[in-house]
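Please read them with the structure open beside you.

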Amino acid sequence: MSEHDTLRLHVPEPTGRPGCQTDFSYLKVARAGEVRRPPTDTAPADTTDLAHTLIRVLDEEHKAVGPWDPQADPQLLRRGLRAMMKTRIFDTRMQIAQRQKKISFYMQCLGEEAIACAHALALYHGDMCFPTYRQQGLLLSRDDVSMVDMMCQLMSNEHDLVKGRQLPVMYSFKRAGFFTISGNLATQFIQAVGWAMASAIKNDTKIASAWIGDGATAEADFHTALTFAHVYRAPVILNVVNNQWAISTFQAIAGGEATTFAARGVGCGIASLRVDGNDFLAVLAASRWAAERARSNLGPTLIEWVTYRAGAHSTSDDPTKYRPADDWQRFPLGDPIVRLKGHLMNIGAWSDQEHSQVQAELEADVAAAQKEAERYGSLLDGHIPPIESMFEDVYKDMPPHLQDQLQQARAGV
Amino acid sequence: MTMIQALRSAMDVMMERDPNVVIFGQDVGYFGGVFRCTEGLQAKYGKSRVFDAPISEGGIVGAAVGMAAYGLRPVVEIQFADYFYPASDQIVSEAARLRYRSAGDFTAPLTIRMPCGGGIYGGQTHSQSPEALFTHVCGIRTVMPSNPVDAKGLLIASIENDDPVIFLEPKRLYNGPFDGHHDRPIVPWSKHALGEVPEGYYSLPLDSAAVFRPGKDLTVLAYGTMVWVCEAAAQETGIDAEIIDLRTLWPLDLHTIVESVKKTGRCVVVHEATRTSGFGAELVSLVQEHCFYHLEAPIERVAGWDTPYPHALEWAYFPGPERVGQAFKRAMED
């Protein structure tokens, strides 16, 4: 007879399932302004407390408080709000386009707009982001990336810059510092570290920004990225977007129970922050802090952005099957657009009237872009790239066996 | 030069010529590699261009893909081909597809060196020949030299090539040719013409096979160590085999293969790797498609057995000259 009870397997569960309420106390939300801001040359081990708390700037009244207030120019914040609004409108419109069968698939970033849109402001031209499929804000916050180009990718039409080879949302915009998106999760995280190492090898001044979701941190490439970034002190920002959900799987199943994703960074010897991802000012400040570290040869920074995936995982997903329908309304960190708007109105840099006006302008811009993109056709009406584009770019030059196969494909063999 | 020295010379030449070439992998820096292939390179080019890596194959290849996307030309080493599996996702899903999925926006001009092959009592995880796992992947090139002269020329060409290259090095051939007669003393490369490797830069094309031994009775398709085993088998059976050293497995030199089989009318495919779905199956299929009316006998295939690579039964597993010779005879009988 054993003196112990039999062993039991622990399988984490979210507190909220359809028909009940989520208990968000697991988030460990700190009060705005209460978390310290250390100098950028702080030792990684000294960021332990910052990896277990939550850096926030905007308080309940939308006032900017505490040492992480980036003291940003209101003009910059107005641009940021506009970028978030543009991202959300673009998403809404493309979600509808999918429902109308104009595109085959789509993924929104509803509720996560602040992270990409504010982070983009901390980067310089030439820095390279290694995004997942949910950082469209990096592109939509820029004026030099055309929404028409993005939509043509979504439509896989003759104007698609990646020639109809990729699923919608898998953009590639090298000139905008946006690395080609892969369907294979986490692969880009270590690639970003390699890119940053290359920049250091060449004594360049550019930095890399790596992106991953909470669920994908369980992939091996998350760990290789942290190890390599630490070993070689790579100039990279390692962004973990913790939106609480990996499709239907609560972040506790990814290893988030009773710990944080930021804590992983500290364990690997990387300075780490845990930040309110729905607080535009906090995102901007933390991103600038991490970018400054990277640019100053002080090494990598890991940032866990705490946010909530307000929408469905994708157009192929129905979240009401696994979580409460009103979950986002109850999420304690709110809506990033509402919060920045509130702040700008507080400081007299925005108004309801301007908000409506910008909203209408952006809706018109997105609609116009969609109209133009639709002129180039889509997958569904057969206006797709020519057959040779299927065989090109497999190799730099088309080898004989692919030339043969192209001829066969043309002949319908 | 030995094959080790030839490979090191190729890397030295390319480090000198192209400041974007960087080398890293497990033990390749200070120590110069467990097989000495990178000896002295860190001292010559510095730690920012030749450096040791953590034991993480996925990390090594993944970081190399990122470096290549930046514009470098990484040459990375996986210590044994048997250990590339953790890097499979980065090789198949990323390196091989980067150019295609981004329509040329990003490319991955990297070379992944891995010592492969058996015949060294390496047991299960120091003997494998995983080439078929690479030749099946569209977007990468798979190369395997059989001698020092080719090793240097092909490695230089691989590093210069803008496509990702899997460069498989038969470690049994590192110090001298090996014909499968494990009971005889090894002859070093210094006693062989193919050990006379030119100093400086030269490259060999990545789409060209070599007629290793001209012959008229039958065509043998082989690569790596098996080229030497096949030569011994030809000598011992007296069959005038035309041995083609494929050198580049995929994309391959179909023309040389087809011309030879059309001439001889018979074909034997030989590799160390396990038989089922091995690269030999693709070779058999190509010969059948392109030479059907010229074939006078079924295509023979000699390969490793469909088992993991054993330790004690090394020589019952390794396709030696006796087994290969029997296949030659069968091919001649029909």
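Predicted model: local features only at pLDDT ≥ 70, side-chain atom pairs only at ≥ 80, totals over all residues.

1. Over residues 82-377 of chain A the model has 43% helix and 11% strand, with the end C-alpha atoms 29 Å apart.

2. Turning to chain B, an open sheet is formed there by 7 strands, which follow the order S2-S1-S3-S4-S6-S5-S10 and pair in a mixed fashion. Its edges are strand S2 (50-52) and strand S10 (248-250) of chain B, each of which pairs on one side only. On average, and with direction ignored, neighbouring strands of this sheet are turned by 20° against each other.

3. Strand S3 (residues 73-77) and strand S4 (residues 111-116) of chain B run in the parallel sense and are joined over 3 bridges, and B:Val75 stands opposite B:Thr111 in S4(B). As background, the strands of a sheet pair through backbone hydrogen bonds, in either a parallel or an antiparallel arrangement.

4. How many residues does each chain bring to the contact between chain B and chain A? Chain B gives 43 residues and chain A gives 41 residues. The area buried between the two chains is about 3,500 Å², and carbon and sulfur atoms give 61% of that area. On the side of chain B, the residues that lose the most area to chain A are B:Tyr70, B:Tyr100 and B:Arg101, which together make up 23% of what that side buries.

5. As for polar interactions, the count between chain B and chain A is 23 residue pairs in polar contact, with both residues at pLDDT 80 or more, and 1 salt bridge. In the salt bridge between A:Lys396 and B:Asp162, the closest N and O atoms are 2.6 Å apart. The elements of chain B that give two or more residues to the side touching chain A are S2, helix H3 (57-70), helix H4 (88-95) and helix H5 (98-101). Of that side of chain B, the largest share, 10 residues, comes from H3(B).

Methods
Residues numbered from 1 in each chain as written. Chains lettered and ligands numbered in written order. Heavy atoms only, no water. Pairing = 2+ DSSP bridges. Helix = DSSP H or I, 4+ residues; strand = E, 2+ residues; numbered from the N terminus. Axes fitted to C-alpha atoms, helices over the stretch in contact; angles between N-to-C directions. Contact = heavy atoms within 4.5 Å. Buried area = accessible area lost by both parts, 1.4 Å probe. Salt bridge = Lys/Arg side-chain N within 4 Å of Asp/Glu carboxyl O. Polar contact = N/O pair within 3.5 Å; in protein donor to acceptor, adjacent residues only side chain to side chain.
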